[in-house]
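I opened this notebook to keep track of what I looked up, entry by entry. The structure comes first, and my notes follow.

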Amino acid sequence: MASRRSRSHQSSSSTRTTDEEQILLSRLASKLQQLLPIAAAGHHSHSRRQVSATDVLEETCRYIRSLHREVDDLSERLSELLPGGTGADAAAQDEIIRSLFHGD
């Protein structure tokens, strides 16, 4: 009988932890969604519609990849606009520009 109560208590405790984790995950996904430009542009319409954490994470990954592409494009454009050096100077200048954009 004691083992049944123990298993029942463990099951209840496990469910509670899972519920708490789900609530935390939902809150974090909601906060993350607010940082995405799509959510910021249409904040009111998105706040009423529940979006899954998976969807928010996928959209976040797409957004981060687009930011990386944008940084690379801007780095390329900036290096074209700066006075060009040759050889090692140009390579060093390119590296400095890339480190400024990437935060290295």
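I began with Arg-62, which is partly exposed because its relative accessible area is 42%; here buried means under 20% relative accessible area, exposed over 50%, and partly exposed in between, with a 1.4 Å probe and protein chains only. Before going further I noted that this is a predicted model, in which local features need pLDDT of at least 70 and side-chain atom pairs count only at pLDDT 80 or more, while totals for chains, interfaces and linings use all residues. I also noted that residues are numbered from 1 along each chain as its sequence is written, and that side-chain values use heavy atoms, with hydrogens and water left out.

**Entry: the salt bridge**

Which side chain does Arg-62 meet in a salt bridge? I found that the partner is Glu-59, at 2.8 Å from N to O, where a salt bridge is a side-chain nitrogen of Lys or Arg within 4 Å of a carboxyl oxygen of Asp or Glu. By this rule I count one salt bridge. Both residues lie in helix H4, three residues apart, which is about one turn of the helix. Glu-59 is also partly exposed, as its relative accessible area is 23%.

**Entry: the chain as a whole**

I then looked at the chain, which has five helices and zero strands, helices being DSSP runs (H or I) of at least four residues and strands DSSP runs (E) of at least two, numbered from the N terminus. Along the sequence I read the pattern α-α-α-α-α. Of the 104 residues in the chain, 13% are buried.

Is Thr-60 buried or exposed? I noted Thr-60, a residue of helix H4, as buried because its relative accessibility is 11%. Its side chain reaches the backbone oxygen of Val-56 at 2.7 Å. Pro-37, by contrast, belongs to helix H2, residues 37-41, and counts as partly exposed at 37% relative accessibility. Although Pro-37 and Thr-60 are 23 residues apart along the chain, I found their C-alpha atoms separated by 9.8 Å.

**Entry: the negative patch**

On the surface I found a patch of negative charge in which Glu-70, Asp-72, Asp-73, Glu-76, Glu-80, Asp-94 and Glu-95 gather. Helix H4 (53-81) and helix H5 (88-102) are the elements that give two or more residues to this patch, and H4 gives the most, with five. Glu-76 lies in H4 and is partly exposed, since its relative accessible area is 40%. For the rule, I wrote down that patches take residues with over 30% relative accessible area and no salt bridge, joining like charges within 9 Å and nonpolar side chains (Val, Leu, Ile, Met, Phe, Trp, Tyr) within 5 Å.

Leu-78 lies in helix H4 and counts as partly exposed because its relative accessibility is 31%.

Definitions and conventions: Areas by Shrake-Rupley, 256 points an atom, 1.4 Å probe, with all protein chains shown as cover. Lys, Arg positive; Asp, Glu negative; His and termini not counted. Charge placed at Lys NZ, Arg CZ, Asp CG, Glu CD. Polar contact = N/O pair within 3.5 Å; in protein donor to acceptor, adjacent residues only side chain to side chain.
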